[in-house]
Protein chains: 2
Amino acid sequence: MKVVLLSGGGGGARFARGLQAALSPGELTVVGNVGDDLEILGLHVSPDLDSLLYALAGLIDDERGWGRADETWNALATAAAWGGERWFRLGDRDLGLHLVRTHRLRDGEPLSAITEDFCKRAGIAARILPATDDRLRTSVSTPAGPFTFQEWFVGRGHADEVDGVAYEGAGEARPASGVLEELDRADALLLAPSNPFLSVGPILAVEGIRAAIERRRARCIAMSPLVGGKAVTGPLDRMLSRMTGGTTPRHVAELYAGLIDALVIDEADAPAEAPVELVVTRTRMSGPESERRLAQVALEAACA
Amino acid sequence: MKVVLLSGGGGGARFARGLQAALSPGELTVVGNVGDDLEILGLHVSPDLDSLLYALAGLIDDERGWGRADETWNALATAAAWGGERWFRLGDRDLGLHLVRTHRLRDGEPLSAITEDFCKRAGIAARILPATDDRLRTSVSTPAGPFTFQEWFVGRGHADEVDGVAYEGAGEARPASGVLEELDRADALLLAPSNPFLSVGPILAVEGIRAAIERRRARCIAMSPLVGGKAVTGPLDRMLSRMTGGTTPRHVAELYAGLIDALVIDEADAPAEAPVELVVTRTRMSGPESERRLAQVALEAACA
């Protein structure tokens, strides 16, 4: 069974890990968000691709939810002492990957080829692809003005309310090599329990990807990231409420209008109504068992 | 008293530390070798400038003789696991400096300005300047063929005999901003106990610097890096023997013909004859006390 997941980091990466455990090697492709990508001290950082890679490779720090376990923090602390930027945290082990990736990007290799090579080196059974090899950057408009995603999310601790989200470069961005082929031959399409505006939205903003999902022959299932109308982490509930007027399953489903056949929601959000079929289950992931169980629910919904 | 020292890393950096201790703040300028500079994973590394900076700032690892004390090695170890180069060692704290420098160089700032800023941030009382802001790279010709300095020194463990040394780019390299002014107004010129071919040679290969020393009004004193005809560390004795026929003070002095007024040699190398005045002392540096004492001997020889 060929499965394609569109995902950010965080909860999406945990869900991807559940899918990898539930599927056979070679069955899973994850199309990762690159709207959060940024340059720190000249290094190209792809936070969501890295969370996916680290989660699937068993390298992620599960407590922190990003970066690597058993991490040290000396390089950027020292860089700050020499006058370097200090607003974005990167661990030393994590930095090793950014150094290699940045060097290869400067040599002209596409992000997708580098990411696939990293998956092979990590020995993971899934394929991770960036949505696009072209430049695509998420920005938010807030009462305090517009910000790039990371300026707002990390730099300002996502304290500002969000009035709108834009995806710079999305108009010209082409799906990365392999993405459309995987989408077109998939037996199941899944949208991860990631922020629809900030994590799944930038992927769907790539016109070729959206069109491939619109013309799907497989069912497409979205995983709601809300539990009882609240975000497990992050600002989604505030964003959804401010931009769409509520945080019910209907408000989530409407963000994916025309793209999904069912929405998996938490027991805490039922009973509910929505423009698509609803699948009710416990959606909190607290370890390998619950990740895998949620993945099974999603796969069953896709095969229904 | 204004003192200018031409120096590599290693013994040169220890000697620079002795001079800094012997002089008043603002009196010492060190012109550092950049012939060893290299790019690792896209990062610009200046090993000799960094050894000087770390030694003068009290950050160097004295046992290892390079890099920072209390170091960790996670970033490059991880980079190697992702396919990055693994032949050159850089610690995590050290990496912080390379990240900041590389980022600023890419933004168009000259190496000399960045180095001066680092000196200020480290709060050191000396000025460190690269010999040149232009590209200058040392290479060696060996029976196994030509190699860049670091390929031969680190990559091949300087096992090959050396038939000749070349300084690529030296013909076009201009002295970095401030170097000629410091040389012309110096009350004492010193050549560090560094390898004359590999550390002091690349500095003197910059025509403007050599000319400034030739036209000197201050005395110029060279520190022999040999003890009893042997190098304290590194391949100098083998190089000197093969390329000039011996390892006596005369062989060292002749490398600096026309540039020095005296050569400070170790007791183990006396009695000896040379085309310049010889100053005999104990030259081994085993700690702050002996570094400072050797610096005093050099300064007295310069004022003779």
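How many salt bridges does the rule find across the interface of chain A and chain B?

Author: The model is a predicted one, and every value below is computed from it. Across the interface of chain A and chain B, the rule finds zero salt bridges. Over all chains, by contrast, the count by this rule comes to 40 salt bridges. In general, side chains of opposite charge can pair when their charged atoms come close. One such pair lies within chain B: R127(B) forms a salt bridge with E182(B), and the closest N and O atoms are 2.6 Å apart. This pair links distant parts of the chain, since R127(B) belongs to strand β5 (residues 127-130) of chain B and E182(B) to helix α7 (residues 179-185) of chain B, 55 residues apart.

The interface itself may now be described. It brings 32 residues of chain A into contact with 32 residues of chain B. The area buried between the two chains is about 2400 Å², and carbon and sulfur atoms give 68% of this area. On the side of chain A, the residues that lose the most area to chain B are N74(A), W82(A) and L99(A), which together account for 32% of what that side buries.

One of these residues, L99(A), also takes part in a helix pair that spans the two chains. Helix α4 (residues 92-106) of chain A packs against helix α3 (residues 74-81) of chain B at an angle of about 50°, with the axes 7 Å apart. The two helices, α4(A) and α3(B), are therefore oblique to each other, and α4(A) passes α3(B) in a right-handed crossing. From α4(A), the residues D92(A), R93(A), L95(A), G96(A), L99(A) and V100(A) meet N74(B), A75(B), L76(B), T78(B) and A79(B) of α3(B). The residues of this contact divide into six nonpolar, three polar and two charged.

Helix α4 (residues 92-106) of chain B and helix α5 (residues 111-122) of chain B pack at an angle of about 140°, and their axes are 10 Å apart. Hence α4(B) and α5(B) are oblique to each other; α4(B) passes α5(B) in a right-handed crossing. Here L97(B), V100(B), R101(B), R104(B) and L105(B) of α4(B) meet L111(B), I114(B), D117(B) and F118(B) of α5(B). The contact of α4(B) with α5(B) comprises six nonpolar residues, no polar ones and three charged ones.

Conventions: Residues numbered from 1 in each chain as written. Chains lettered and ligands numbered in written order. Predicted model: local features only at pLDDT ≥ 70, side-chain atom pairs only at ≥ 80, totals over all residues. Heavy atoms only, no water. Axes fitted to C-alpha atoms, helices over the stretch in contact; angles between N-to-C directions. Helix = DSSP H or I, 4+ residues; strand = E, 2+ residues; numbered from the N terminus. Parallel < 35°, antiparallel > 145°, perpendicular 65-115°, else oblique. Left-handed = near helix turned anticlockwise from the far one by under 90°. Contact = heavy atoms within 4.5 Å. Nonpolar A, V, L, I, M, F, W, Y, C, P; charged D, E, K, R; others polar. Buried area = accessible area lost by both parts, 1.4 Å probe. Salt bridge = Lys/Arg side-chain N within 4 Å of Asp/Glu carboxyl O.
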